[in-house]
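The sequence and structure come first.

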8 protein chains.
Amino acid sequence: MNPSDLKHLLSALSRGDLSVDEGMERLKTLPFEDLGVATVDHHRALRQGAPEVVFGQGKSIDQLLLITEAMAKHKSDILITRLDAEKGAALCERFPEGEFDELARTFVLRQSPEEIKGYGTILVICAGTSDLPVAREAAVTARALGHEVEEIADVGVAGLHRLLAKSENLNRAAVIIVVAGMEGALPSVVGGLVSVPVIAVPTSVGYGAAFGGTAALLGMLNSCASGLTVVNIDNGFGAGFAAHRINARRETP
Amino acid sequence: MNPSDLKHLLSALSRGDLSVDEGMERLKTLPFEDLGVATVDHHRALRQGAPEVVFGQGKSIDQLLLITEAMAKHKSDILITRLDAEKGAALCERFPEGEFDELARTFVLRQSPEEIKGYGTILVICAGTSDLPVAREAAVTARALGHEVEEIADVGVAGLHRLLAKSENLNRAAVIIVVAGMEGALPSVVGGLVSVPVIAVPTSVGYGAAFGGTAALLGMLNSCASGLTVVNIDNGFGAGFAAHRINARRETP
Amino acid sequence: MNPSDLKHLLSALSRGDLSVDEGMERLKTLPFEDLGVATVDHHRALRQGAPEVVFGQGKSIDQLLLITEAMAKHKSDILITRLDAEKGAALCERFPEGEFDELARTFVLRQSPEEIKGYGTILVICAGTSDLPVAREAAVTARALGHEVEEIADVGVAGLHRLLAKSENLNRAAVIIVVAGMEGALPSVVGGLVSVPVIAVPTSVGYGAAFGGTAALLGMLNSCASGLTVVNIDNGFGAGFAAHRINARRETP
Amino acid sequence: MNPSDLKHLLSALSRGDLSVDEGMERLKTLPFEDLGVATVDHHRALRQGAPEVVFGQGKSIDQLLLITEAMAKHKSDILITRLDAEKGAALCERFPEGEFDELARTFVLRQSPEEIKGYGTILVICAGTSDLPVAREAAVTARALGHEVEEIADVGVAGLHRLLAKSENLNRAAVIIVVAGMEGALPSVVGGLVSVPVIAVPTSVGYGAAFGGTAALLGMLNSCASGLTVVNIDNGFGAGFAAHRINARRETP
Amino acid sequence: MNPSDLKHLLSALSRGDLSVDEGMERLKTLPFEDLGVATVDHHRALRQGAPEVVFGQGKSIDQLLLITEAMAKHKSDILITRLDAEKGAALCERFPEGEFDELARTFVLRQSPEEIKGYGTILVICAGTSDLPVAREAAVTARALGHEVEEIADVGVAGLHRLLAKSENLNRAAVIIVVAGMEGALPSVVGGLVSVPVIAVPTSVGYGAAFGGTAALLGMLNSCASGLTVVNIDNGFGAGFAAHRINARRETP
Amino acid sequence: MNPSDLKHLLSALSRGDLSVDEGMERLKTLPFEDLGVATVDHHRALRQGAPEVVFGQGKSIDQLLLITEAMAKHKSDILITRLDAEKGAALCERFPEGEFDELARTFVLRQSPEEIKGYGTILVICAGTSDLPVAREAAVTARALGHEVEEIADVGVAGLHRLLAKSENLNRAAVIIVVAGMEGALPSVVGGLVSVPVIAVPTSVGYGAAFGGTAALLGMLNSCASGLTVVNIDNGFGAGFAAHRINARRETP
Amino acid sequence: MNPSDLKHLLSALSRGDLSVDEGMERLKTLPFEDLGVATVDHHRALRQGAPEVVFGQGKSIDQLLLITEAMAKHKSDILITRLDAEKGAALCERFPEGEFDELARTFVLRQSPEEIKGYGTILVICAGTSDLPVAREAAVTARALGHEVEEIADVGVAGLHRLLAKSENLNRAAVIIVVAGMEGALPSVVGGLVSVPVIAVPTSVGYGAAFGGTAALLGMLNSCASGLTVVNIDNGFGAGFAAHRINARRETP
Amino acid sequence: MNPSDLKHLLSALSRGDLSVDEGMERLKTLPFEDLGVATVDHHRALRQGAPEVVFGQGKSIDQLLLITEAMAKHKSDILITRLDAEKGAALCERFPEGEFDELARTFVLRQSPEEIKGYGTILVICAGTSDLPVAREAAVTARALGHEVEEIADVGVAGLHRLLAKSENLNRAAVIIVVAGMEGALPSVVGGLVSVPVIAVPTSVGYGAAFGGTAALLGMLNSCASGLTVVNIDNGFGAGFAAHRINARRETP
């Protein structure tokens, strides 16, 4: 039940077309069912163009096609993450207008006109080339959510000069996503160089005492740079979405 | 060496007051020493009024007084965290214009005129009354950095109606800091209700399999709500600083 | 040695057909061997119709057929868990009256007349669609043990309205099994909404810092909702069995 | 806003005393604020007599007295857990009608007439004498919630005969709470002996590789006895409350 | 009920003094109560002189005196472990014939005539001087259980020659207990030098990544020397008792 | 250099065939090279018939054949562990007199006459059928080392009567190896029933919070039964070898 | 910008060919971009002949060929680690002058004349044959970096005499790399025997409570031998490189 | 038995004063007892002047005085670590010529003439002021072992310019010890800037998910800079000793 439905109900009551008891009956189930949902979901309506997100891992090609077709009918924009090449190909064959990014393992189907809604560039940088898939997932997510994105790779802290050579890019970004595996030190260095929000993404790149990304995760949580925030290991999508929450254009109060 | 120093050097060279070899000698050590520092620190100069931050834990009263006096001479604003009552009292006695918050365990000494620089309210909510010290540390930090802050306590997920009763406050915030110990579920629920940035702060509240806040930390990192970010256990300061990074007023490019 | 055997022995003694020493000899080995077993197993006899349970994982098709045939001869009801599709097919071919649930990975062969023995409905709800296999295993187990079961899926805490829309179902259940992976927050919310027993089941759904279900497990153990209980990660069977222990009809003393 | 308030509102609308727009305005804030709260809290009203629970650890004597006085005015029954002897004495001095249990570290103030509401006895057994404080906390909690409780101590699995000597007590209980530290094996043995619900409580008793109760917790979660459920380490209160959820008298549908 | 009681019962039956039904009634409760206990405890009677063991940690002086007095009345030998100096002094004052070992933190009260019952010497060696308390607890335990014990200290693997200089002692021992903290490597080296049983005891000596003895524990569990066995961290008592199980003189079948 | 070589050297010196300086030179390098080795290995010579042990996992069929052939030439007895069926078949084809145990994943080639050298039976019992491979590895190892072995399966603590029915077997064993996965409670119960040495073997049987056998391992290390010892997870070989160390017939000093 | 470029710039300024403002403009971007990079990388130029290192794991054959070809054009020496046999074969086919070591899983392409640059031998020893791949990776790395390397295998601490027989080799090495899995005790023993630098490399060899090399890693970090240093699990490359840092010939100041 | 003893023995044999059998008897026990020890300890004699090291933690003042007095009599140099202020004062009172460093918690008593034996400077740098005690312990250790040491504090990676300003110091050091807590990123950055040996020391500075230094330790073990080595958490002594092993002047072979 949307606001106009509610208005009709109240009008009918007001006009006497509906008795008080009938009104009670219909409103009784509202709070958490219909009206409740509408209220909670209200902000969703306001961010038109936000894509539906599907976690592709563990879903079969058939399931993915089914879900995508259902969403496509509602003219939703769609972002599917964690797809292997075979699933990506199947989706591209069925939806030739969609875009599969093999590195990011994402599929994006855009049905609404694209418009840039952030008020600045989201910069995604990563420490090593092995971190690229996670970095790209963050970049694709942020772009799918309507933001301008810049990507820089292979600027690990053991080769500081490569990072420092990019200081101009760092300084003009609105939000920075820093992706790193192994010891995960890059966000600390970046966080000390800039004053904008920095989102740290640990990756599972590494071996032995990297413990599947735990070393990088702990490193980022304990950063000596003030005010960094962290997402789950390999969660490029989450970082892209967090950057979207920060960078979405809002009215100044 | 600042830009004007550099200009003097080049002018001297240009005038012949300095030989090429002398210039070489003096410039050789520049890149990472003087000029380098100036460049890296450039953005610091731009955020005038940001307080100096001191981690009070493990420092003696004498050390704290010494540090604070040194900073006070430079007219810096000062934020000291993790202070016990005794240290707080000593600082208040010496700096009666400063403010000690016993719950937050913070001391703030403001010497520059206060001005609100964020473009919206930072909302700090916490799950239980035991989480209050961490929540307050976040609030004090954000205020010391020049932001308007609202605080709500005791809205844990086991009493959902208390949280839902605050949905209006949630919806009008610019950034939300959610502080919770035990299972740390509150950020997930809040993250599903709002579209603004949500910073999750796990606390060490709990016992047994809470493992000093690890349960809450893992819960927040694995949140099913998209785009949450997380800081270290009990790191109210970090959350307040992260909110500052997000909420600081910036020019739209 | 069952009670009637014991009675015969005592009667023989009483009649003089058995000497005291012979009686001593025969009783000496009783306590933990024959009589002991009978005593311990007494309650088993009382819950006729309870199925024999087999953990299917790691057993070959041949082993499973052998075990099932042996049990089937004794007219036992049988529940086999953790079966893949191939093993399920083999069992169905041999026992066409059995039922294989591919999602739950269970096989049930019922040979006694079904009767509902619980005094209320067991509700199984799960947070995400990926949690369905574990939820279904719990449901199949509870049904195999003679209870009425209701299932609700995809009511995670990040979409609170979907859960609240089911509050009527929550309120009328006798026992609720709550299945969730990732941060495992759903049981806390449900536990705050109802007063009936809530059994929390963490699942291994998630990645990175989910650590194979550990994050969800810790979250549930540290729930801020009073009186939740928890079973092992992915242990749908255990949750179903625990619900059976609770919901089995008993005489009021 | 309760149902009768809602009826008044609708009647006013129906009578024309309220315009449709005014009705819209007043209903807009309903769902999660007033009506919502009322709905969610409905079951609370139904379990009158349930005590208010306060986690005493980390609260000062002054805070505890303040809270208790406030609750006492509302004629609530009160259960405070995790109290040391000094706090217990202070509460007893102020509320002489209350009862402090030094072993359980609990304080109970009962203001409503006591009535047994469970339909059977809750049995609390523990493995060693060091587990007694946790076992007693469970017992006090269950009694404060209106149940009949029986306690058995020191029946660890390394002295099996002591446990087996209590098999009659085990068999007549409605719910069994099993408290054990070190390897936590007792619940597995008990779970194999009875068919009623068994709630396992790991304790932090032990040293070295007990890791503060982790060994016992893992042991219980991995029990080979079907259908055990587990609560947090040292969480006697939680076990008592879970037993209450199970044992509370309910209408058979 | 002991064997002679059982004989009386059967005789009464045989004589007709007891009816079959009365016999049934009295035997029904036997298995796990009286006869059961007797059977299980049978071997206890056989190892007369074995001391009663009390875990002293967490018990007050009053409790310890009470327990010890009760045991002393039954002429039991008594071993109390994990005592601090104050408790030890209190026990010595009350039982001047007892022996308090401050290093081992043990108190032994021997009331039966001492006799050596093992068939060889138990050798207790430790890696560093900080491991001595645990080593001594093992030695005291083994002696209290009636074995000849030899102790060697400070033969860590980083000074191999000191260990090798003791190879004769190693070769003549019947059982060797090896106590080591830090990396816990000593048992591996000893295990490679001798063919007798080697019991490894990790200690909590160390810091940082020793994780309270976990490093030593894991080292010993993963020893490359075949057939070592391990007890809990700091569990000198357990090692001494295990050596007793091995070294107790038994009849060759 | 063996004893007879040494004797020759000394004789040459004694005869004047070798100067003192030449003797010094030749003896200088002895200690850790030739004589050293001989000394250290002295006890090896004493336990003639002990098999050479090869860890088969990770070795190719070719490597295994090569190693086995080399050893076979020296008439050594050979025990190879952790073999899959394919490798076992290859070894059996090449050494038809050898014995491959598919359950234990072991291959034994005996070339010396078998003789029982222990002074009692080693009993291997396991909790569940899934623990059988580890239990069998222990049994095969102990047999290959010359001991009489008895095996009992499926006597888990949740079905106590099955274990108690075997109490006679428990009581007549010289050493007991107890193999259990999941919560690993069986050794505690057995340790309380017998006075002989008990070696606990945790297995990786289980899932979720069993953490690959960690739960069972911790349970066994923290057993409330005195004097149990523990080996690594799934280390049936180690348990068999430890039992051999204990049970090998030795001269009473 | 290299020193001579800088000199040209200053000369132009000095000659008046460049204005002060133009000089400022060109120098402004120097610090972290051109000059900065040059400075930081200066020492790189000094260690001519150091190979480029590529982490081969996770890279496709095509990527590896591409990278290697690019590097080969610049006449760099190349070391690729973590290659399987298939990738090694592909590289050998394309670069027949390169060398693939199947055990070490490395490929080395040397294009500069080889010269020994260390001032002593690097000794690589390992505990068991399963540790050989990691030991060999260390050896190949050290050789590729220009050092003389000696390798000793299978000198684990359970067979001390084999290690002691190699004491001469230990004593003449300049740096020793000790590779061990399982309990990782070997470095402690070696560290006690020699005074030269010892680098400990834990390997993932082992099972159960070895936890993928964690037991060995912790053992090495907690070594009782003074002044050992440790690298990541299985990090043969890192150990070889650390030995290179130590052993590289340097001028005495 | 030292070389001259051995010579006497051989001479006696040569002269016929000793029979071959008597010689056999006396040499038989040599290898690991007397001669063995001498051999193993040979290199110790070569590094005269190396101080005796005592781990002060857990030792009483009386014990420390006793040990120190004993060593002082032998004219040994002495280094005691982990001393609190009270113990330091007691040592200084007794040995006024000794030096207690309160920050490092060390006491050094030098009795041999000091001489610099390293061939370059050991640089100790630390990330934050809280890391100073560990850094100083490393510095004191290296100095006590005869090396020239330079110390730099507070050059954490979040303020990169402060580190870069010290690049000249970094480049001229012979060995660098890098001490850091929290995320432990500093060694990675330093390792990328220099080619000399870098020893990383994690500290327990931090809170929450720092897990007592574990985060820093894991970060350093997984460093992306090649060839770093790591010591235990807070092990300044170990790092100083490792630097000594590297920097000790040796003859080029």
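## Domain interface in chain A

Domain 1 of chain A and domain 2 of chain A bury about 1,100 Å² between them, with 68% of that area on carbon and sulfur atoms. Buried area here is the accessible area (1.4 Å probe) that two parts lose on being put together, summed over both. The two domains span residues 32-109 (domain 1) and 121-247 (domain 2) of chain A, with bounds from an automatic or database domain assignment. Their centres, taken over C-alpha atoms, are 25 Å apart. To the contact (heavy atoms within 4.5 Å), domain 1 of chain A gives 10 residues and domain 2 of chain A gives 11 residues.

The rule finds 2 salt bridges across this interface, a salt bridge being a side-chain nitrogen of Lys or Arg within 4 Å of a carboxyl oxygen of Asp or Glu. R82(A) and E137(A) form a salt bridge, with their closest N and O atoms 3.6 Å apart. On the side of domain 1 of chain A that touches domain 2 of chain A, β2 (78-81) and β4 (106-109) of chain A each supply at least two residues. Strands (E, at least two residues) and helices (H or I, at least four) are DSSP runs, numbered from the N terminus.

## Model and confidence

This is a predicted model, in which local features need pLDDT of at least 70, side-chain atom pairs count only at pLDDT 80 or more, and totals for chains, interfaces and linings use all residues. Residues are numbered from 1 along each chain as its sequence is written, chains are lettered from A and ligands numbered from 1 in the order in which they are written, and side-chain values use heavy atoms, leaving out hydrogens and water.

The model scores ipTM 0.83 and pTM 0.87. Chain A has an average pLDDT of 84, and 85% of its residues score at least 70; pLDDT is the predictor's confidence in each residue, from 0 to 100. Over residues 28-49 of chain A the pLDDT is below 50, and this stretch has 42 contacts in the model beyond near neighbours in sequence.

## Salt bridges in other chains

Over all chains the count comes to 56 salt bridges. Among them, R172(B) and E150(B) meet at 3.6 Å, N to O. R172(B) is in helix α9 (residues 167-172) of chain B and E150(B) in strand β6 (residues 148-152) of chain B, 22 residues apart.

In chain D, the side chains of R136(D) and E151(D) meet in a salt bridge at 2.9 Å, N to O. R136(D) lies in helix α7 (residues 132-144) of chain D and E151(D) in strand β6 (residues 148-152) of chain D, so the pair ties together parts 15 residues apart in sequence.
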